[in-house]
Amino acid sequence: MARRNDHDGGPLSPEKPHPQSLFAWLRGRFFAGMVIAAPIAVTFLILQFLIGEIDKRVVPLIPAALNPETYLKYAVPGFGLIVLVVFLTILGAIATNLIGRSVISVGDRILGQVPIVRSLYSAFKQLVEVFAKDNTDQFSEVVLVEYPKAGTWCLGFVSSSARGEIGAALGQDFLGIFVPTTPNPTSGFLMYLDAREVIRLSMTVEEGAKMILSAGLVVPEFPPPPRPEPKSSKTQTSQSGK
């Protein structure tokens, strides 16, 4: 290790780092603990709020004979959520058979005749069906879009290619890009751009959503770590080598 010389030309020992004060050490450990505990606490508080809101609305609808509060004299946290899950499961089982589909079809026609309810019901139904479908084209890629002016780029998600009337008007080479807002990715706007005008990224949709939620503070690793090779390909390689 190199040594410094003083004004007389004599060698000096290398400088030692200053010892950390007790306050600085405690502050560093405090912030480290806060980074670990904050996500857990926020997740717990959100779940507690949601379960409490569901219980307040579902438990009063349960008959007294089936309500555990009648016998225990105290509220059972999460009982309303359990009842809601069981109810939705039974409703889904009924809706998948022939009689259930017929009843739902009649209900759709009735709600479709009410002026104000018709618009709300159809809009929410279409929205739920879009997210419920297992469609691989939904948010398949993360892209960079030049918006709102040249030289300014924002993150977007590929929703689908141009279809229907939009595809006939613009062409099949256009992509539907959903550009979410920060830090609330559920709101945003839809734009159609030529596929040659977007920059495709290798990050996953989940990583892009995390980056938007954190306002750019959480950046995915690049280049991404190599994915493990499937066992089948390794086996074929070893067999071909033999």
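**Salt bridges and a surface patch**

Arg57 is exposed, with a relative accessible area of 55% (exposed means over 50%, buried under 20% and partly exposed in between, using a 1.4 Å probe and protein chains only). The model is predicted, so local features need pLDDT of at least 70 and side-chain atom pairs count only at pLDDT 80 or more, while totals for chains, interfaces and linings use all residues. Residues are numbered from 1 along each chain as its sequence is written, and side-chain values use heavy atoms, with hydrogens and water left out. The structure holds five salt bridges (a salt bridge is a side-chain nitrogen of Lys or Arg within 4 Å of a carboxyl oxygen of Asp or Glu). Side chains of opposite charge can pair when their charged atoms come close.

- Arg57 pairs with Glu53 in a salt bridge, and their closest N and O atoms are 2.5 Å apart.
- Both Glu53 and Arg57 belong to helix α1 (residues 22-58), where they are four residues apart, about one turn of the helix. Helices (H or I, at least four residues) and strands (E, at least two) are DSSP runs, numbered from the N terminus.
- A network of salt bridges links Glu53, Lys56 and Arg57.

**A link between distant parts of the chain**

- Arg200 forms a salt bridge with Glu141, with 2.5 Å between the closest N and O atoms.
- This pair links distant parts of the chain, 59 residues apart: Arg200 is in strand β7 (residues 199-200), and Glu141 is in the loop between α5 (115-132) and β3 (142-146).
- Arg200 is partly exposed, at a relative accessible area of 43%; Glu141 is also partly exposed, at 26%.

**Helix α7**

- Glu206 and Lys210 meet through their side chains in a salt bridge (3.6 Å, N to O).
- Helix α7 (residues 205-213) holds both Glu206 and Lys210, four residues apart, about one turn of the helix.
- Glu206 is exposed, with a relative accessible area of 53%, whereas Lys210 is partly exposed, with 44%.

**Nonpolar surface patch**

- Val42, Ile46, Leu47, Phe49 and Leu50 make up a nonpolar patch on the surface, and together they have about 480 Å² of accessible area.
- Patches consist of residues with over 30% relative accessible area and no salt bridge; like charges are joined within 9 Å, and nonpolar side chains (Val, Leu, Ile, Met, Phe, Trp, Tyr) within 5 Å.
- Accessible areas come from the Shrake-Rupley method with a 1.4 Å probe, and for residues only the protein chains shown count as cover.
- Leu50 lies in helix α1 and is partly exposed, with a relative accessible area of 43%.
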